Amino acid sequence: MCDAGPMGRIELANFNLNLLLALDGLLATRSVTEAARRVRVTPSAMSHSLAELRELLGDPLLVRSGRAMSLTPRAEALVAPLHRLLVDAERLLEGGPTFDPKRAERCFVIAAPDLLASMLLPPLLYAAAQEAPGVSIEIVPSSRRGNAWLLESGDLDLSLGAIVEDAPGIRRMDLCTEGFACAARKGHPHIDGSLDIEAYVETPHLLITLGDDRGPTWIDQALEKLGKTRRVAARVRYFMAAPLVVANSDLLMTGPSMLIRYFAELVPLQVLRPPIDLPTYPEEAYWHERFDGDPAHAWMRSLLKKTARSFGLKERPRKRSW
């Protein structure tokens with residue numbers, strides 16, 4: 001047990017830092033048994049650590065809620081800063097400020113929508129294997145509104161695609177410029193090689209949605225300027241599923257040009273120019289400013305930038321914010 005100073009301040013010199021690992025495991029799993037397995041101690045030792053933490057912090061931390069355990073408000077407030085502290089400690093102990101790709105062994109966790117993952121991952125893996133054979137890459141789903149917190153906490157190294165606007169400490173860089181194209185199946189009863197505004201608004205649409213965002217899209221805003229609307233017959237949250245649905249239906253979709261042109265080589269799709277004025281936009285990579293000076297992170301950002309250089313349009317994006 002450590003001594004507390006005035007007003008209950010804990011003296012770090014007398015604090016058992018292993019309790020922080022125990023606390024992180026307890027907060028993450030909400031279970032003494034699972035936390036013990038995660039930290040590689042016995043359940044009895046973890047139970048003792050929980051009792052010690054409760055006394056030190058003056059809070060029960062975990063309370064019974066039905067058949068499960070729930071975090072107290074104090075415990076909830078500790079989750080992010082504690083995890084961030086431990087991630088920083090791990091990075092501190094990994095080595096000095098140098099980074100040798102040939103000898104490095106590290107896994108980079110990148111959140112990306114299925115479109116970017118499918119298109120960027122193969123060339124990124126190839127490039128990484130040439131420079132850093134010991135480096136691996138894990139692609140995880142992009143949660144959009146949760147990406148900023150995951151970058152800050154260190155759970156993510158990078159996030160590609162949409163992210164919360166104006167999140168504190170978030171850096172960004174352009175990977176490539178993307179535009180819009182339309183797609184309809186070959187043999188569509190009302191569309192053959194070209195698309196006018198009448199056919200565009202009369203044909204039922206498939207819409208790719210970003211999470212639970214139901215606001216007007218750039219497409220709907222462009223139609224509104226013309227005094228027109230479209231009918232959305234179906235919505236999907238998967239970029240890669242959308243062209244397959246269109247290729248097997250009479251729906252029309254407007255989506256990323258790279259996506260539609262990629263699938264037009266695989267399934268019977270017409271690639272069509274939108275009959276409305278739509279902007280180009282950047283595909284971006286995001287990270288937290290805490291990793292600006294991390295040489296391994298800087299290497300991965302540079303590799304990602306070089307890999308994405310061959311994708312998209314060779315022009316500056318006309319619009320940035322969704």
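Let's start with valine 63, whose bridge partner in S2 is serine 70. Strand S1 (residues 62–65) and strand S2 (residues 68–71) pair in the antiparallel sense over 4 bridges; two strands pair if DSSP finds at least two bridges between them. Helices (H or I, at least four residues) and strands (E, at least two) are DSSP runs, numbered from the N terminus. S1 and S2 make a hairpin with 2 residues between them, and glycine 66 in the turn has a positive phi of about 70°.

## Model and confidence

This is a predicted model, in which local features need pLDDT of at least 70, side-chain atom pairs count only at pLDDT 80 or more, and totals for chains, interfaces and linings use all residues. Residues are numbered from 1 along each chain as its sequence is written, and side-chain values use heavy atoms, with hydrogens and water left out.

The average pLDDT (the predictor's confidence in each residue, from 0 to 100) is 87, and 90% of the residues score at least 70. Over residues 1–7 the pLDDT is below 50. Where pLDDT is low, the predicted coordinates should not be read in detail.

## The five-stranded sheet

On to an open, mixed sheet of 5 strands, in the order S9-S8-S10-S7-S11. Strand S9 (232–236) and strand S11 (269–272) stand at the edges with a single partner strand each, so one side of each lacks a neighbour in the sheet.

Within this sheet, S7 (residues 180–185) and S10 (residues 252–256) run antiparallel and are joined by 4 bridges. Alanine 181 stands opposite glycine 255 in S10.

## Aromatic pairs

Rings of Phe, Tyr and Trp (its six-membered ring) pair if their centres lie within 6.5 Å; planes under 30 degrees apart count as stacked, over 60 as edge-to-face and the rest as tilted. By this rule there are 5 aromatic pairs. One of them, phenylalanine 108 with tryptophan 299, is tilted, at 6.2 Å centre to centre and 40° between the planes. Phenylalanine 108 sits in strand S3 (residues 106–111) and tryptophan 299 in helix H11 (residues 295–308), 191 residues apart. Both residues are buried, meaning under 20% relative accessible area, where exposed is over 50% and partly exposed in between (1.4 Å probe, protein chains only).

The rings of phenylalanine 180 and tyrosine 281 have centres 5.4 Å apart and planes at 50°, so this pair is tilted too. Phenylalanine 180 belongs to S7 and tyrosine 281 to strand S12 (residues 281–288), so the pair ties together parts 101 residues apart in sequence. Phe180, Trp218 and Tyr281 form one aromatic cluster.

Technical notes: Contact means heavy atoms within 4.5 Å.
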